[in-house]
Amino acid sequence: MNRIGRRGFLKLSSASFAALALPSPRAAVGSVSFPDGERLGRVTEAHVEVFSRPTPDSKVLGEKEFDDVLLVYRDIIGKGIYPRNHVWFETPEGFIWSAYAQPVRNQPNDLLLSIPEEGIWTEVTVPYVDGLWKPDSLSDTRYRLYYSMVLNVEARELGPEGGTWYRVRDENGVVMYAPGESFRLIRPEELDPISPEIENKSIVVNLSRQDLSVRESGVEVYYCRISSGYSYYPRDGILRWYTPIGQMWIWRKMVSRHFSGGDAVTGFDLPGTGWTMLFHGGGAALHSTYWHNDFGTPRSAGCINMRPADAKWVFRWSLPRVEYRPGDITVQWPNPGTRVIVEA
């Protein structure tokens with residue numbers, strides 16, 4: 001297998017990468033077919049009702065299940081199932097509340113002819129594809145890989161049926177294979193820092209409002225909705241949050257992180273979590289989210305969930321700067337990363 005050395009890889013421009021690619025048809029990846037359209041939505045809940053109008057008191061036309069993928073015509077403002085969100089997706093079958101469907105696209109990619117020795121960072125650009133134990137469509141699934149996941153690809157292999165598979169390996173040693181067309185190459189320039197000349201940077205998270213404000217010398221330059229850890233009332237009757245409150249600093253940044261924890265009932269196992277910024281010693285982080293679209297309400301075990309585009313922007317803007325390889329940096333006091341202020 002031909003490989004590219006580290007220096008050669010970092011010198012490659014976008015045009016050079018294009019020359020390394022084999023054209024692939026815009027079609028279904030693997031054995032799964034998705035609706036033909038620019039905008040799609042993947043159901044993220046076990047069961048979701050489809051309504052005749054964008055309001056929960058309208059007629060129910062049917063149900064959809066987890067991982068069903070639907071064509072989305074447009075966003076419609078109606079009456080939300082819960083008051084935090086009044087946006088609905090209009091589909092050919094009726095209206096689905098947007099909090100219950102991940103916005104996705106089906107965009108297979110050209111195949112790279114070679115993978116650098118250090119591997120490449122990639123993003124999944126199809127609604128989902130199964131990561132298998134072996135580069136063979138008859139192999140068992142290890143993880144289902146979802147749109148916007150960020151994953152490390154270390155090699156390409158030919159399958160027994162002639163298809164090209166990419167071998168994924170994460171920091172936990174998890175190895176799996178998926179059709180190469182599912183992955184978009186993340187180029188080194190996509191990690192270039194935003195506003196590197198600004199020294200006074202801070203990130204302010206408000207748990208009551210479920211939002212995040214990015215500030216330069218106290219002036220807001222970016223804003224987004226988030227989903228934090230749940231709130232609860234312990235025996236003393238005082239509201240508590242699973243997300244730590246106070247002034248902290250980013251101490252580790254990772255292009256991709258495999259989060260896991262808990263037990264079989266309440267646990268989580270989330271590979272390919274992109275644009276991760278750890279700011280608390282207990283493991284709380286700001287990061288991209290692919291498993292729900294319910295921003296504006298607490299949904300996590302303590303982290304700050306963000307839409308992929310928001311997380312990537314904050315990742316590039318915040319300190320410390322992360323090099324493409326290894327895509328992982330840890331800093332210590334007295335030179336911490338960007339300040340993170342979490343307010344109740």
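Modeller: Helices (H or I, at least four residues) and strands (E, at least two) are DSSP runs, numbered from the N terminus. By that rule the chain has 29 strands and 3 helices. The model is predicted: local features need pLDDT of at least 70, side-chain atom pairs count only at pLDDT 80 or more, and totals for chains, interfaces and linings use all residues. Residues are numbered from 1 along each chain as its sequence is written, and side-chain values use heavy atoms, with hydrogens and water left out.

Now to the pocket. Rolling a probe the size of a water molecule over the atoms shows where empty space is left. On a 1 Å grid over the protein atoms alone, a pocket is an open set of points with protein on both sides within 12 Å along at least five of seven lines, whereas a cavity is a set where a 1.4 Å probe fits but cannot get out. Lining residues have an atom within 4 Å of a point. Points are joined across faces, edges and corners, and a volume is the space filled by probe spheres set on them.

Three strands, β13 (141-146), β24 (252-261) and β25 (268-278), each give the lining at least two residues. The largest share is that of β25, with 5 residues. Ala, Val, Leu, Ile, Met, Phe, Trp, Tyr, Cys and Pro count as nonpolar, Asp, Glu, Lys and Arg as charged, and the others, Gly among them, as polar. The lining of the largest pocket then splits into 17 nonpolar, 13 polar and 5 charged residues.

The whole structure also has 1 cavity of 30 Å³ or more. The largest cavity holds about 40 Å³, and among its lining residues are Leu 191, Lys 253, Phe 315 and Arg 316. Its lining divides into 5 nonpolar, 1 polar and 3 charged residues.

A word on confidence: pLDDT is the predictor's confidence in each residue, from 0 to 100. The chain has a mean pLDDT of 91, and 90% of its residues reach 70 or more. Over residues 24-28, however, the pLDDT is below 50, and over residues 1-19 it stays under 50. Where pLDDT is low, the predicted coordinates should not be read in detail.

Conventions. Contact = heavy atoms within 4.5 Å.
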